[in-house]
Amino acid sequence: MSTIFAAGCSKTGGSSDSAPRAANGTQATPPSTTAPVVLSPDALFQDVAAASGLSFRHDMGGKRRFYFIESTPPGCAFLDYDNDGFLDVFLVQSGSAAPSGSAPGVKSRPHCALFHNNRDGTFSPATAGSGLDKDLGYGQGVAVADYDNDGYDDLFVTAYGANHLFRNLGGSGKFEDVTKAMGLDKVHGTGYATSAAFGDYDNDGRLDLYVCYYALWTHAKDKKCGANGIFDYCSPLLYDPEVHQLFRNTGGRFEDVSARAGITKTKGRGLAVAFTDYNEDGRQDIFVANDLTPNMLWRNNGNGTFSDVAVEAGCAYGEAGKAMAGMGIAVADYDRSGRDSLYVSNFSGRPNILFKNAGGIFQDASENANLSLSHLPFLTFGCEFLDYNADGWNDLITNNGHVEFHQAQREAGIPYEQRKQLLRNEGRGVFREITDTKQLGDLATPVVGRGLATGDFDNDGRVDVLCSNQDAPVQLFRNHVQNSNHWVSFKMVGTKSNHNGLHARLILKAGGARQVATVRAGSSYLSSSDRRVYFGLGAAKQIDEVVVRWPGGARDTRKKLAPDMVYTVPEGRGVTGRQRPAAGTATSH
């Protein structure tokens with residue numbers, strides 16, 4: 001997030017909150033950049049958030065004082081907290097960014113929100129009485145994982161000031177705040193945490209935790225940028241970067257091993273993180289997207305320590321050797337090479353970068369993949385690979401929105417509110433952006449986008465998209481693609497490995513094609529996607545073989561599986577459960 005509106009910087013001092021005002025003294029509001037979209041029968045995605053019961057609007061605090069922490073949230077998550085096979089939703093809330101004790105001060109922020117999937121395409125509010133219904137500070141992001149291996153997904157929420165770990169109490173809809181008990185209560189630096197990810201870096205079957213920190217920002221250090229009565233968020237270059245944290249899960253608590261592991265040797269304005277075994281040595285490495293500091297690639301040395309090898313591996317910088325305004329990360333084998341590559345989002349006017357994994361070394365494949373120019377008018381935060389049309393090739397979707405409130409007044413063609421981007425993989429890793437608003441449907445609605453998660457919330461075999469936006473309602477995009485392609489999805493359950501099966505690698509053969517995917521452990525921006533592993537099969541009517549390589553070294557193989565189904569695969573036991581598409585939905589597209 002590389003704000004360049006830095007003219008006329010001054011200390012904020014004790015100024016009171018007020019709405020931004022233009023030079024003539026009238027209240028400044030961002031212009032609406034696109035007319036409302038009328039959904040076409042050809043639309044690929046439809047926003048069904050309101051119709052489905054997801055009644056949530058992110059709140060930045062109402063009156064903008066341009067506190068820098070306002071520019072980064074919020075995140076969102078798909079999770080199945082009660083193990084009924086249907087994805088529920090968690091949404092991060094922020095509220096007032098003013099310091100406690102100020103006038104008018106912070107009395108009570110609005111709460112984050114949990115919604116239960118009713119299994120009929122609708123959701124019910126589930127926050128009240130859940131234990132999540134309290135002020136968590138200025139909320140930023142969320143990571144989802146079963147950290148205690150009890151079979152139920154827990155929540156880790158990052159917020160300015162303090163983070164929170166909530167233990168899922170047996171899928172009852174209640175969560176216990178175990179932050180202090182698990183050793184995660186100490187505030188790190190000034191407490192500006194952003195994205196976090198769970199992963200098992202030492203292969204002991206327990207999920208560890210990496211937490212990104214952005215900068216040594218405080219209200220006292222905040223600056224006010226602008227001139228002639230028009231103010232905006234300052235450049236992040238005015239705030240010193242921070243070191244991040246790595247916690248080892250000992251079984252009874254989390255131990256801060258950041259210094260011992262070498263994580264504190266490098267500072268970076270961290271905004272996104274993902275575990276990935278980039279060199280295929282059986283140990284999980286960690287990639288971090290940083291804002292105007294070099295990206296980090298923490299190579300796992302296998303002895304509890306890490307080395308930042310981003311420069312020599314070729315993924316530290318963007319185009320022309322410049323530090324990226326790295327914000328979101330998407331991880332997938334986009335070109336059927338058998339290796340996971342990295343897509344990293346960037347600031348407007350600068351290309352998002354596709355780092356192709358060429359065998360432990362990354363190459364900038366953006367131009368070859370036809371991605372180098374499509375991004376330039378947009379500022380991308382959340383991003384994910386997904387096979388939206390089930391043709392067997394991973395496509396891309398991005399959530400976009402600027403950070404400068406007056407951006408449209410400063411630079412023609414780059415608005416504050418921005419539409420989503422959908423980039424279709426046309427085969428062999430070459431993408432084409434879909435720009436027809438009739439096809440984009442509600443993806444064409446401009447908002448100030450931030451978090452993004454993917455998952456099949458209605459279990460109809462089509463991957464849907466959840467987006468969180470600043471000072472705007474949540475968006476839930478139902479996939480309406482109609483074709484005859486088949487699909488398959490796998491829910492992995494570790495026994496010797498971690499219960500979520502994070503890092504399990506699936507090699508699938510169907511219709512003469514070979515596809516590879518890994519159970520996700522961190523991606524996008526401040527958000528958490530469905531961990532079920534989805535494969536589009538195209539016209540193939542049978543899965544010839546699927547091989548699972550578990551992080552502990554075990555291997556499972558299954559042959560001749562039927563498509564259009566979600567399979568449950570416990571480690572060492574093969575397929576033990578089958579879930580067909582929900583009633584009233586098609587088994588193919």
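Biologist: Which residues lie nearest the centre of the second largest pocket?

Modeller: In this predicted model, they are D80, N83, D153, K491 and R532. The pocket's lining has 28 residues.

Biologist: What volume does the second largest pocket have?

Modeller: About 500 Å³.

Biologist: And which elements give two or more residues to the lining of that pocket?

Modeller: Four strands do: β3 (76-79), β32 (486-493), β38 (566-570) and β39 (577-579).

Biologist: How many of the lining residues are nonpolar, polar or charged?

Modeller: Nine are nonpolar, ten are polar and nine are charged.

Biologist: New topic. What is the order of strands in the open sheet of four?

Modeller: The order is β21-β22-β23-β24, and the pairing is antiparallel. Strands β21 (329-332) and β24 (362-364) sit at the edges, so to speak: each pairs on one side only. On average, neighbouring strands are turned by 25° against each other, direction ignored.

Biologist: How many bridges join β21 to β22?

Modeller: Four, and the two strands run antiparallel. Strand β22 covers residues 341-344.

Biologist: Which residue in β22 is the bridge partner of I329?

Modeller: That is V344.

Biologist: Now the inside. Which residues have the most contacts within the largest nonpolar core?

Modeller: F198, Y210 and F490 do. That core has 56 residues.

Biologist: Which strand gives the largest share of this core?

Modeller: Strand β12 (residues 208-213), with five residues.

Biologist: What lies apart from that core?

Modeller: Another core, of 29 residues. Among them are M60, A215, L271 and M327.

Terms used:
Residues numbered from 1 in each chain as written. Predicted model: local features only at pLDDT ≥ 70, side-chain atom pairs only at ≥ 80, totals over all residues. Heavy atoms only, no water. Pairing = 2+ DSSP bridges. Axes fitted to C-alpha atoms, helices over the stretch in contact; angles between N-to-C directions. 1 Å grid on protein atoms, 1.4 Å probe; cavity = no way out; pocket = protein on both sides within 12 Å on 5 of 7 lines; lining within 4 Å. Points joined across faces, edges and corners; volume = space filled by probe spheres on them. Nonpolar A, V, L, I, M, F, W, Y, C, P; charged D, E, K, R; others polar. Core = buried A, V, L, I, M, F, W, Y, C linked by side-chain atoms within 4.5 Å. Buried < 20%, exposed > 50% of the residue type's maximum accessible area, 1.4 Å probe, protein only.
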